Amino acid sequence: IALLQYHALPNYYTFGQFQTVSNPVRTMASGNGGPFGVNVTAFGNSVNVSTGLVNTPVNSAVYSQNPVAVYQVDKVLLPEEIFGVKPPAAAPTPEPGAPVSSPAVSPSGASTTGSSTSSACGSMAALAQGL
């Protein structure tokens, strides 16, 4: 139910009022001062909603007559309070045929790059290199 409530704001906002809202904007899932807010940014006639995990534009009003406004968004809003923090971006995939670099490993299994590597990791690297 909290996910559905997260998609509703407790106040009526016209599209133009999104230009002046104070962030974070409370949602129906916020309760009395709880978390579950969204950040609204407006640039000219464009409005975006961000949850920390999802950033999506607010499109045209499906319905807007005080006290209810329904706006179309392209993505499901995922609150960090339920879905956790955004994971770090994945490392880029190397180009096909590009050489793969790995730290040098001494015969004892210790890394020679100056970083601290456990002997188990060094041994695995040595096995992977065919040593």
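Which strand gives the most to the lining of the largest pocket? Strand β4 does, with 5 residues.

This is a predicted model, in which local features need pLDDT of at least 70, side-chain atom pairs count only at pLDDT 80 or more, and totals for chains, interfaces and linings use all residues. Residues are numbered from 1 along each chain as its sequence is written, and side-chain values use heavy atoms, with hydrogens and water left out.

**Overall layout**

The chain has 3 helices and 4 strands. Helices (H or I, at least four residues) and strands (E, at least two) are DSSP runs, numbered from the N terminus. Along the sequence they follow the pattern α-β-β-β-β-α-α. Of the 131 residues in the chain, 21% are buried. Buried means under 20% relative accessible area, exposed means over 50%, and partly exposed lies in between (1.4 Å probe, protein chains only).

**The largest pocket**

The largest pocket has a volume of about 420 Å³. Its lining takes in 19 residues, and the closest to the centre are His 7, Ala 8, Leu 9, Ala 69 and Tyr 71. A pocket is an open set of points on a 1 Å grid over the protein atoms alone, with protein on both sides within 12 Å along at least five of seven lines; a lining residue has an atom within 4 Å of a point. The volume is the space filled by probe spheres set on the points, which are joined across faces, edges and corners. By class, the lining has 17 nonpolar, 2 polar and no charged residues. Here Ala, Val, Leu, Ile, Met, Phe, Trp, Tyr, Cys and Pro count as nonpolar, Asp, Glu, Lys and Arg as charged, and the others, Gly among them, as polar.

**A nonpolar surface patch**

Val 62, Tyr 63, Val 68 and Val 70 form a nonpolar patch on the surface. Together they have about 350 Å² of accessible area, by the Shrake-Rupley method with a 1.4 Å probe. Patch residues have over 30% relative accessible area and no salt bridge, and nonpolar side chains (Val, Leu, Ile, Met, Phe, Trp, Tyr) are joined within 5 Å. A salt bridge is a side-chain nitrogen of Lys or Arg within 4 Å of a carboxyl oxygen of Asp or Glu. Strands β3 (55–65) and β4 (68–73) each supply at least two residues of the patch. Val 70 sits in β4. Val 70 counts as partly exposed because its relative accessibility is 39%.

Most peptide bonds are trans.

| Cis peptide bond | Omega |
|---|---|
| Asn 23 to Pro 24 | near -5 degrees |
| Asn 66 to Pro 67 | near 20 degrees |

Pro 24 lies in the loop between α1 and β1. Pro 67 is in the loop between β3 and β4. Pro 35 is also found between α1 and β1, in the loop. Pro 35 is partly exposed, because its relative accessible area is 44%. Pro 35 and Pro 24 are 11 residues apart along the chain, and their C-alpha atoms are separated by 9.2 Å.

**Contacts across the sequence**

Gln 5 belongs to helix α1 (residues 2–6). Its relative accessibility is 34%, so Gln 5 counts as partly exposed. Gln 5 and Thr 27 are 22 residues apart along the chain, with 6.8 Å between their C-alpha atoms.

Gly 44 is in the loop between β1 (39–43) and β2 (46–50). At 51% relative accessibility, Gly 44 counts as exposed. Gly 44 and Gln 19 are 25 residues apart in sequence but 8.3 Å apart in space, C-alpha to C-alpha.

Key
Patch = residues over 30% accessible without salt bridge, like charges linked within 9 Å, V, L, I, M, F, W, Y side chains within 5 Å. 1 Å grid on protein atoms, 1.4 Å probe; cavity = no way out; pocket = protein on both sides within 12 Å on 5 of 7 lines; lining within 4 Å.
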